[in-house]
Amino acid sequence: MLHLSVAVDQPSAYDAASYVALARLAERGGLDFVTLDDSFARPGPDALAVLSRVAPATTRIGLVPTVTTTHTEPFHVQAAVATLDWVSRGRAGWRLDVSTTEGEARLFGRRHAAVADALWQEAGEVADVAAKLWDSWEDDAEIRDVPTGRFIDRDKLHHVDFRGTSFSVKGPSIVPRPPQGHPVRVVDATDGQARRTAARYADVALVRAVSAGQAAAVREELRSQAAESGRDPDALRVLASLLVDLCAGEHAAEPGHGGGGPRPSPQGPLYRGGPVDLAELIATWHGQGIVDGFHLTPAEPLRDLERLVNGTVALLQHRGLFRTFYPGSTLREHLGLSRPANQYAVTKGTS
């Protein structure tokens with residue numbers, strides 16, 4: 001199954017309507033999910049809050065905000081992501097990221113900046129404790145028994161008692177278990193410890209690669225590391241992450257660019273060409289088993305997303321390579337991922 005997703009970032013856009021419009025356009029194309037980036041290093045709207053506004057204005061597409069794990073409280077992060085899953089009825093994801101600069105650290109004043117590898121190790125701990133907190137309510141813990149006045153079955157609430165390298169959490173959560181059990185976790189797995197964290201905890205790994213060979217090698221490494229950590233490698237989706245500039249023509253328009261594949265750029269791998277060429281690239285990489293799909297960042301948000309949906313996606317659908325409707329209602333269903341069992345319910349009696 002081919003998976004397609006797209007970033008809906010818009011520099012200096014603060015109005016909800018423009019984000020709703022892009023998400024609806026992506027949903028019309030049947031894409032798996034949209035992402036919205038965020039960091040403490042730039043001014044802009046809060047990604048999770050924006051996509052919470054987009055949620056009731058859409059019905060099927062997955063919503064994946066970036067939420068950093070550095071300087072933020074893991075308990076609050078998991079509760080916010082769980083809430084997005086509730087208000088979107090099972091369409092939430094969470095793109096984990098870290099904050100590496102001293103300037104970001106000074107905004108909070110709790111500690112100095114740390115090296116990226118240490119922060120990504122901490123991000124893995126945050127992902128781990130978030131899953132435990134999502135499981136701290138069993139699915140049927142909320143009983144709302146009016147005759148007895150009991151709202152919760154306390155036997156189905158669990159303390160997580162997690163102690164990491166820089167934080168500890170006792171729990172349970174204040175939000176009932178999300179509709180998906182665990183909202184989908186997304187990690188940019190291009191470099192270093194982030195790749196190891198993705199292999200162990202992510203449902204979707206994004207890989208910035210400028211060649212099919214590079215993307216295939218990273219995918220194989222991720223799958224191998226996932227297996228070493230006790231996971232089923234087939235439960236990890238690896239998407240090639242590209243910046244796309246679809247220009248104005250149907251085929252590669254820039255003289256000398258060569259077409260047919262991404263090229264290095266300061267912003268990451270850049271694909272420049274027409275919708276037809278992009279469809280060919282997607283079909284080739286996916287058909288050869290190089291990646292499970294693509295995460296595309298339009299250079300010009302509205303123009304390129306329209307050309308992506310009406311050109312590239314339409315062509316892939318015409319060739320039977322991409323779905324024409326959503327087979328389910330949750331993001332996990334779009335990605336072909338099962339709903340995780342509750343780790344406390346499974347071990348009930350020993351937890």
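Residues are numbered from 1 along each chain as its sequence is written, and side-chain values use heavy atoms, with hydrogens and water left out. Because the model is predicted, local features need pLDDT of at least 70 and side-chain atom pairs count only at pLDDT 80 or more, while totals for chains, interfaces and linings use all residues.

**The strands**

Helices (H or I, at least four residues) and strands (E, at least two) are DSSP runs, numbered from the N terminus.

Strands are said to pair if DSSP finds at least two bridges between them. Val6 has Val34 of E2 as its bridge partner. Between E1 and E2 the chain passes through helix H1 (residues 16-28), and this β-α-β crossover is right-handed: with the strands pointing away from the viewer, the path from the first strand over the helix to the second runs clockwise.

Now display strand E3, residues 62-68, which runs parallel to E2 and is joined to E2 by four bridges. Here Leu36 has Pro65 of E3 as its bridge partner. Show helix H2 (residues 47-54) as well: E2, H2 and E3 make a right-handed β-α-β unit.

**The aromatic pairs**

The structure holds four aromatic pairs, a term for rings of Phe, Tyr and Trp (its six-membered ring) whose centres lie within 6.5 Å; planes under 30 degrees apart count as stacked, over 60 as edge-to-face and the rest as tilted. One of them is Phe40 with Phe108, edge-to-face at 4.9 Å centre to centre and 70° between the planes. Phe40 lies in the loop between E2 and H2 and Phe108 in helix H4 (residues 102-108), so the pair ties together parts that are 68 residues apart in sequence. Phe40 is partly exposed at 28% relative accessibility, and Phe108 is partly exposed at 31%.

Then select Trp285 and Phe294, a tilted pair with 5.8 Å centre to centre and 40° between the planes. Trp285 is buried at 6% relative accessibility, and Phe294 is buried at 0%.

**Helix H3**

Finally, select Val87 in helix H3, residues 74-87. Val87 is partly exposed at 45% relative accessibility. The C-alpha atom of Val87 is 7.1 Å from that of Ser52, 35 residues away along the chain.

Notes
Buried means under 20% relative accessible area, exposed over 50%, partly exposed in between (1.4 Å probe, protein chains only).
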